[in-house]
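Hi there,

Have a look first, and then read on for what turned up.

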Amino acid sequence: MSTMVQAIRMALHVGEERHGVTDIFGEDVGPPLGGVFTQTQGLRTAWNSPLDERGIVGAAIGLALAGSRPVAEIQFCDYAFNTIDLLKLAGAMHWSSNGDWSCPMVVMTPVGAGIHGSIYHSHSFDAQATRLPGWKIVMPSNPRDAYGLMLSAIIDPNPVLFMAPKALLRQKAINEGEEVPGVPSDDRELSKMIDAPLGDRTKWRPRWPDTPDLLIPIGEARIDRHGHDITVVTYGRHVQICRKAADDLAGEGIDVELIDMRSLHPYDWVTISASIKKTHRVVFVNEDTEVTNFGEHLLRRTIDELFYELYAPPKVLAGKHIPGVGLADSLEKASVPQLDDIVQVIRATARHEP
Amino acid sequence: MTTTISKVRNGAEESLKPDLLLQMHDLMLKARVLEERLIRMQKQGDGFFWIGGPGEEAFGVPLGMLIHKGEGPAYDYLHLHYRGSGTMLALGADPVDALRQMKSTASDPYSGGRNFASHYSARKWNVVPVSSPIEVQYSMAPGTALAQRRHGGSGITIVTGGDAGTAEGDFATCLIWSSRKGHELPMLIVVTNNQYGISTPYDGQHGEKRIADRGAAFGIRTLTIDGNDPETSYRAISQAMDYVRKERKPFLLEAMVSRLYGHSSSSGANYIEGEADGLKLFEDKLIARKLLTRERADLMATTFTEELLEAGKRVREEAPPSPEDIWKHVFAEHSVAGAKKGTRS
């Protein structure tokens with residue numbers, strides 16, 4: 001059983017051994033630390049950059065233009081905001097040159113709240129990310145998807161932003177089908193193989209398990225739970241919370257269909273719209289701030305295309321539109337959607353009578 | 001470590017061969033005539049906006065002549081700013097293509113009608129797409145140089161920008177990333193200093209006497225030159241490139257240049273008296289040395305002006321991009337960079 005962070009690490013290893021990744025870099029990404037979440041420990045091509053996010057994104061663009069395959073990390077998405085024009089530049093490289101250049105690069109960054117990360121380690125980046133045309137945007141909710149989406153990001157000829165919900169990074173696979181294929185079932189055995197030891201690491205080398213080229217296509221959602229009464233569309237950290245909400249509501253006779261988007265752009269409208277046509281009710285859940293939220297786009301499209309299919313007003317449940325997520329437990333809980341909030345909105349939407 | 005203008009001018013200089021001087025003059029003149037044609041096109045409604053490099057020919061042309069041209073990390077990468085027409089012509093670009101970009105035709109090979117004039121892009125020559133932000137190239141350039149450091153050989157990365165743009169953090173990024181101990185990058189970092197950011201003079205915005213001085217803190221070899229003199233430029237660029245190619249370390253070259261038609265069409269794009277005109281000064285020099293006559297120089301200008309006038313008429317008839325083209329190339333279907341490594345074109 002692997003954690004999400006181990007899954008990312010194994011995908012990066014497969015990327016550098018089999019798919020041409022040349023540089024995995026960012027702040028504290030190389031030895032000795034191997035990433036503040038340990039995601040880059042033991043990787044052959046990992047190196048430390050200056051503490052300069054614009055330099056990191058710029059260097060990744062240059063490497064990509066010169067035929068290298070970079071995976072760059074922004075240590076927390078909270079520190080990606082000063083790179084937005086460079087992210088735009090990467091997204092525009094193919095289009096602005098009328099197809100002459102391409103810019104195959106991956107930027108990975110931890111996102112979201114849920115770890116009491118205070119104001120500058122709790123931001124979401126969903127809405128900003130989806131306003132970067134030319135980028136593909138993914139966010140996994142479990143180790144298997146993290147592994148398969150990272151490999152797909154690595155082989156994609158476009159810039160891909162890999163957002164990892166930081167609250168899930170150290171979490172093990174919960175359900176069947178969420179595990180990376182080929183890893184030892186014993187957690188301790190896997191840890192001995194690929195987790196760097198405490199203390200002196202200069203002589204340590206990882207022993208990588210033989211994991212396959214599992215490619216989870218960018219743009220394909222996953223139906224986490226089939227249901228008939230209401231569709232809940234979410235991604236990342238809120239997949240698990242919405243699953244718990246669905247479990248709770250099953251006892252009340254509300255049968256939830258839960259969609260894990262996995263890709264925010266391009267996104268799987270086929271799966272989402274088919275589900276809404278089946279259940280006729282929908283709630284979009286995410287933790288980014290609610291004004292000009294990505295869920296609002298999905299809601300707009302729902303109204304544009306599926307208005308006469310709906311039995312209840314479609315809802316967006318998102319984070320409060322405030323400057324940050326406060327540190328105190330009470331503040332964090334009041335800022336981003338919690339289980340109770342989600343249960344209430346699903347229940348109200350499912351029971352709504354026109 | 002910083003060499004001043006006077007030192008370069010007074011240093012032991014081997015004279016450049018007459019053929020080379022005349023080739024430089026030909027390209028500088030063509031670059032000037034091209035820019036003047038582009039300005040006219042914009043003023044006559046055959047383009048939405050003009051920006052370009054009249055006043056930088058005496059630096060840009062020698063730069064282009066000294067580039068190892070080709071595709072992939074074995075050759076030089078160019079991260080140009082939007083005053084690089086002289087460099088592009090010296091690389092062998094067809095001046096008519098610049099007219100196409102001005103006219104926003106579908107046939108514009110640099111952007112398919114998507115971008116402003118002087119926003120060049122040519123993968124076959126490692127010319128990275130020029131973009132309007134005046135600083136981002138300084139952050140991207142270390143990336144191509146990293147690939148070249150790993151690749152080995154003599155290919156280098158050249159990045160150009162203006163003096164005003166060095167106030168952005170990206171310029172510091174460039175100095176820091178190129179000079180890390182044990183990870184030095186083969187980069188020729190160029191600042192063409194025309195003393196202005198749109199309307200704002202250099203003095204009052206910058207405390208540093210010379211921008212090149214900023215390299216010294218990073219152990220970067222630096223030089224400030226008179227970029228209005230193509231012979232000085234040629235020699236300085238050549239020496240700086242030799243150093244970067246061999247030592248695989250960065251070099252910061254500041255060239256003092258002019259801005260002969262102002263910032264852009266937004267500021268009128270009229271010839272500004274009182275600034276040194278590198279082309280005129282060079283012509284006077286060549287005439288004094290009996291390598292050129294005034295009649296010959298005037299004939300060259302008239303002939304090329306007429307050629308471009310006729311070309312402009314033809315370009316006017318070329319099709320604009322179709323509305324559905326907006327959807328083309330949002331995503332790449334497959335990687336193109338590095339697909340043909342090491343081809344010389």
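Two residues are said to be in contact if their C-beta atoms, placed from the backbone, lie within 7 Å. Please keep in mind that this is a predicted model.

Let's start with chain B. Counting contacts between residues at least 6 apart in sequence, 76% of those in chain B join residues at least 24 apart. Chain B contains 11 helices and 8 strands, and 55% of its 345 residues count as buried. The C-alpha trace of chain B spans about 55 × 55 × 40 Å along its principal axes. How does its radius of gyration fit with a compact globule? For 345 residues, such a globule would have a radius of gyration near 20 Å, and the 19 Å of chain B agrees with that.

Now to a pair of helices in chain A. Two packed helices are described by the angle between their axes and the distance between the axes. Helix α7(A), residues 238-250, and helix α11(A), residues 339-351, have axes that come within 9 Å and cross at roughly 55°. Angles from 65 to 115 degrees would count as roughly perpendicular and those under 35 as roughly parallel, so α7(A) is oblique to α11(A). The crossing of α7(A) past α11(A) is right-handed.

Which residues make the contact? From α7(A) come Ile241(A), Cys242(A), Lys244(A), Ala245(A), Asp248(A) and Leu249(A). From α11(A) come Leu339(A), Ile342(A), Val343(A), Ile346(A) and Arg347(A). The residues of this contact comprise 8 nonpolar and 3 charged ones, with no polar ones.

Happy exploring!

Technical notes: Residues are numbered from 1 along each chain as its sequence is written. Chains are lettered from A and ligands numbered from 1 in the order in which they are written. This is a predicted model: local features need pLDDT of at least 70, side-chain atom pairs count only at pLDDT 80 or more; totals for chains, interfaces and linings use all residues. Helices (H or I, at least four residues) and strands (E, at least two) are DSSP runs, numbered from the N terminus. The radius of gyration is taken over C-alpha atoms; the globule rule is 2.2 Å times the number of residues to the power 0.38. A residue is buried if 20 or more other C-beta atoms lie within 10 Å of its own, exposed if 12 or fewer, and partly exposed in between; C-beta atoms are placed from the backbone. Axes are lines fitted to C-alpha atoms, for helices over the stretch in contact, and angles run from 0 to 180 degrees between N-to-C directions. Angles under 35 degrees count as roughly parallel, over 145 as roughly antiparallel, 65 to 115 as roughly perpendicular and the rest as oblique. A crossing is left-handed if the near helix is turned anticlockwise from the far one by less than a right angle, and right-handed if clockwise. Ala, Val, Leu, Ile, Met, Phe, Trp, Tyr, Cys and Pro count as nonpolar, Asp, Glu, Lys and Arg as charged, and the others, Gly among them, as polar.
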